[in-house]
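We will go stop by stop.

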Amino acid sequence: MLKSKLAIALPAALLLLAGCSSSDTRFQPVESPEVENRFAVAELWSSATGGVSDFFSELEAAFDERNVYTASRNGDVMAFTQSNGDRLWEVDLSNEAENQDKRSARLSGGVAINGSKLAIGSENGYIYVLNSADGSIAWKHYLEAEVVARPTFNASGSKLFVLDSRGNFSAFDTLSGELLWVTGDAPQALRLRAQANPLAVGDEYVLVGTSSGRVNVLLQSNGATVNQITVGEAIGANALERVADVSTSPLLLGNMLYAASFSGSLVEYDFGTFNYAARLGYQSSRDFGFDENSLVLTSDDGTVYCINRSDNSQRWANTQLSYRNVTGPVVYGNYAVVGDYEGYVYFLDMQDGSIDYKESLDSSGYYVEGQVKNGNLYLLARDGTLSCLRYEAQGQNSTAAQVESTNEALLASAGQGLTLNHPGVYDGGIYAPSSMSQEQLEARRAAIRRAVAQQEAQIAAQRRAAAEAAKARAEYEARVRAYEEERRKQVSGFGIAPGVRAAMDDEPEGQK
């Protein structure tokens, strides 16, 4: 019933670790708590979008000022008006030639939008860019690997960034579809199925979470890595304990980067000083919720935490939803909103974490966090039902609009005026101490090249010596075989039995 985000090898590992006892209920979901609702929430409209069924496809919606865009795993991409949910257009990518012999288009990762272009990836290895006006395909590109993370446009919309399941990170020209560069980290042998959505900072940087427990800072111009922030450590007695993926999308607020790893580490990194402001013991693979004063996260055991951003102290922790496969939180007005696998939606008070509202909206369950746009809350269920909700309580709508406006301003201003390159790192992406001059850096590069050349020469010499030894060995073995064959011919065929000479062969000629 619960959906794991771990790679395919993980469930077997869990069985080995947990044992075969059917009486072990440590990881069973608790019953949904009883809640006395303190206010009402109205459903303004809902529409069917196709959904993902039981597959792992985190298909989040995308918004512009008037419309909302979403997709189904099977290949349907569609646009609705935010005002009343009217469907504007729908296209079916399963009709594309590359998907004809597949089970479906297998869309995954969610829709991204910037201006007139939409982007979405697929587990069949394609990235599609559509025109937002009518859904027509502007271009597509085969990446040869699954795309399970949402693509990302830069601020101007001139570039599109795509992370695939092999850890490769590709940059495209949005208009032409030209592949500009490819970089990336090799994925770990055992890793989460979920991947962090890349984060573009203006038109200069892009941040990417990796399965090796780091957030890489890349230049949009050439893909060079100019900074690396270690979030999780691959430490443990077995491969499962060493899973340290950063699958929570990096969050940049002002100077501060927030990132979490599956290994149990939440870091706050200050790009103003290039130092870690905090390292806290929270484990998560879901995206953060936030407002001006708070950071909210859902751990993988279903606990929802709220942290004060000013001093990183824990404001509250709600443990009432343990192992209910709780979604990541979204802050809507004075509440953090989460859903669970049975389709319940919970509003947690941002001040104390109490559940002030609960409603069963969709029995298929929720798997991605809600989204807030123009004062409304949008929830997407597994069966594809997209619901648009709004407070009915007096004063709550204006509060929600104020919080939304503040959050959008925080995201828009994030990283402005900052140089995210680590001190001493230039556009080539080579790390060096900040005290090293350009001449010293060039000398260091030359020394590295010489060392590499020397090592390659040693390896080549070793290979030549090994080849000569193998040749000599083969010649020796051939000579041994020839000698043994000749000796066998000399001592066989003359006696009563093969290999034995008769006694008379040794007698003098006159006595025979």
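Select glutamate 485 and arginine 488. Their side chains meet in a salt bridge, 2.9 Å from N to O. A salt bridge here is a side-chain nitrogen of Lys or Arg within 4 Å of a carboxyl oxygen of Asp or Glu. Both residues sit in helix α3 (residues 438-491), and because they are three residues apart, about one helical turn separates them. Helices (H or I, at least four residues) and strands (E, at least two) are DSSP runs, numbered from the N terminus. Glutamate 485 is partly exposed at 34% relative accessible area. Arginine 488 is partly exposed too, at 46%. The cut-offs: buried is under 20% relative accessible area, exposed is over 50%, and partly exposed is in between (1.4 Å probe, protein chains only).

A word on what you are viewing: this is a predicted model, where local features need pLDDT of at least 70, side-chain atom pairs count only at pLDDT 80 or more, and totals for chains, interfaces and linings use all residues. Residues are numbered from 1 along each chain as its sequence is written, and side-chain values use heavy atoms, with hydrogens and water left out.

How many salt bridges does the structure hold? There are 15. Select glutamate 60 and arginine 150, whose closest N and O atoms are 2.7 Å apart in a salt bridge. This pair links distant parts of the chain, 90 residues apart. Glutamate 60 lies in the loop between β1 (41-48) and β2 (62-63). Arginine 150 lies in the loop between β9 (137-142) and β10 (152-153). Glutamate 60 counts as buried at 7% relative accessibility, while arginine 150 counts as partly exposed at 23%.

Next, pick glutamate 123 and arginine 73. They form a salt bridge of 2.9 Å, N to O. Glutamate 123 is in the loop between β7 (117-122) and β8 (126-131), and arginine 73 is in the loop between β3 (67-71) and β4 (76-81). Are these two partners buried or exposed? Glutamate 123 is buried at 6%, and arginine 73 is buried at 5%.

Now select Glu65, Lys373 and Glu408 together. Salt bridges link these residues in a network.

**Positive phi**

Most residues other than glycine have a negative phi. Go to glutamate 144: its phi is positive, near 65 degrees. Glutamate 144 is in the loop between β9 and β10, and is exposed at 55% relative accessible area. Then try asparagine 312, where phi is also positive and near 65 degrees. Asparagine 312 is in the loop between β24 (304-308) and β25 (314-318). It counts as buried, at 17% relative accessibility.

**Aromatic rings**

The structure holds 25 aromatic pairs. Rings of Phe, Tyr and Trp (its six-membered ring) pair if their centres lie within 6.5 Å; planes under 30 degrees apart count as stacked, over 60 as edge-to-face and the rest as tilted. Select phenylalanine 27 and tyrosine 323. This pair is edge-to-face, with 5.6 Å centre to centre and 85 degrees between the planes. The partners are 296 residues apart in the chain. Phenylalanine 27 is partly exposed at 46%, and tyrosine 323 is partly exposed at 24%.

Tyrosine 269 and phenylalanine 271 are edge-to-face as well: 5.1 Å and 80 degrees. Both are buried.

Last stop: select lysine 358 and tyrosine 344. The lysine's charged end sits over the tyrosine ring, 4.4 Å from its centre. That label needs NZ of Lys or CZ of Arg within 6 Å of the ring centre and within 35 degrees of the ring normal.
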